[in-house]
Amino acid sequence: MRIHDITVSLSSDLPIYPGDPGITVEPFSRISQGDSANVTRISMGSHSGTHLDAPFHFDDAGTTVDEIALETVIGKALVLEILGTKEIGRQELEKFRIEGEERLLLKTDNSKLWQQKGFSEEYAALTKDGAQYLRDAGVRLVGIDYLSIEGFHGEGDVHRTLLEDGILVIEGLNLEGIKAGHYQLICLPLKLKGGDGAPVRALLIGGSDSATEPEFDPHTSKWPLA
């Protein structure tokens, strides 16, 4: 069984989306300073690093993080590799067979951006007609490998098109080294009551030949065996 961690590590060096709270990770108590235990103080926004956007992010009446159906963030997922473009629309997505796919992760040139310091405004993102295409196709979760599913100069239309239909969004994935194909996804957000978003630990299990492997069943304690 191959487990791929597609989560970026939270630290004060991690890029943040402009306008969002920064990430602070600092010691609160340390054994080396005479304290009885090591404890760290963490301060950050709900959309830091690898995180989930809940419908409440763009709709006061939308589902919050603690209310989402966990079946949506656990199960078979398809990684699509879409390189060489900053705008992912219907035309780019129609090249792939996504009929019946509930979870899509978009691997773009963004994965290389994690190797540089600071936030980059020049990242690949989904367009509104791309979001509508995924909505029409019945996708229930879509992820991308940078801090927003929507272009930097967007006005929220992409988010609203997805979230208003209950489509969950995972942003800030690290898909460097991940091959296109089917995997089993486990992506659990912190259970923040009333949360508009929350950091997640996202894992992919399997690989390009994972269709031959047993599927992970979230309703049991059994894990697929290689």
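Me: Where is Leu-141 found?
Reply: Leu-141 is found in strand β9. Helices here are DSSP runs of H or I with at least four residues, strands are runs of E with at least two, and both are numbered from the N terminus.

Me: What kind of model is this, and how are residues numbered?
Reply: This is a predicted model, where local features need pLDDT of at least 70 and side-chain atom pairs count only at pLDDT 80 or more, while totals for chains, interfaces and linings use all residues. Residues are numbered from 1 along each chain as its sequence is written, and side-chain values use heavy atoms, with hydrogens and water left out.

Me: Back to Leu-141: buried or exposed?
Reply: Leu-141 is buried, because its relative accessible area is 0%. Buried means under 20% relative accessible area, exposed means over 50%, and partly exposed is in between (1.4 Å probe, protein chains only).

Me: What is Leu-141 in contact with?
Reply: Leaving aside neighbours within four places in sequence, the contacts of Leu-141 include Thr-72, Val-73, Arg-103, Leu-105 and Leu-168. Contact means heavy atoms within 4.5 Å.

Me: How far apart are Leu-141 and Thr-72?
Reply: Leu-141 and Thr-72 are 69 residues apart in sequence, but 6.9 Å apart in space, C-alpha to C-alpha.

Me: What about Thr-72, where is its place?
Reply: Thr-72 sits in the loop between β4 (51-53) and β5 (74-81). Thr-72 counts as buried because its relative accessible area is 19%. Beyond its neighbours within four places in sequence, Thr-72 is in contact with Arg-103, Arg-140, Leu-141 and Leu-168.

Me: Which residues touch the most other members of the largest nonpolar core?
Reply: Ile-6, Leu-52, Val-73, Leu-105 and Leu-204 do, in a core of 25 residues. A nonpolar core is a set of buried Ala, Val, Leu, Ile, Met, Phe, Trp, Tyr and Cys residues joined through side-chain atoms within 4.5 Å.

Me: Which elements give two or more residues to this core?
Reply: β5, β10 (168-171), β11 (181-189) and β12 (197-205). β12 gives the largest share of this core, 5 residues. Apart from this core lies another, of 21 residues, among them Val-139, Val-158, Leu-163 and Ile-167.

Me: What do nonpolar side chains tend to do in general?
Reply: In soluble globular proteins, they tend to be buried together.

Me: Changing topic: where is Thr-108?
Reply: Thr-108 is in the loop between β7 (103-107) and β8 (125-126). Its relative accessibility is 2%, so Thr-108 counts as buried. Leaving aside neighbours within four places in sequence, Thr-108 is in contact with Ile-82, Leu-83, Ile-88, Ala-124 and Asp-145.

Me: And Gly-151, in which loop is that?
Reply: Gly-151 is in the loop between β9 (141-144) and α3 (157-163). Gly-151 is partly exposed, because its relative accessible area is 27%. Gly-151 and Glu-87 are 64 residues apart in sequence and 8.0 Å apart in space, C-alpha to C-alpha.

Me: Zooming out, how many helices and strands are there in the protein?
Reply: The secondary structure comes to 3 helices and 12 strands. The radius of gyration is 18 Å, close to the 17 Å that the globule rule gives for 226 residues, so the protein is as compact as a globular protein of that length. That radius is taken over C-alpha atoms, and the globule rule is 2.2 Å times the number of residues to the power 0.38.

Me: What share of the protein do buried residues make up?
Reply: Buried residues make up 46% of the 226 residues.
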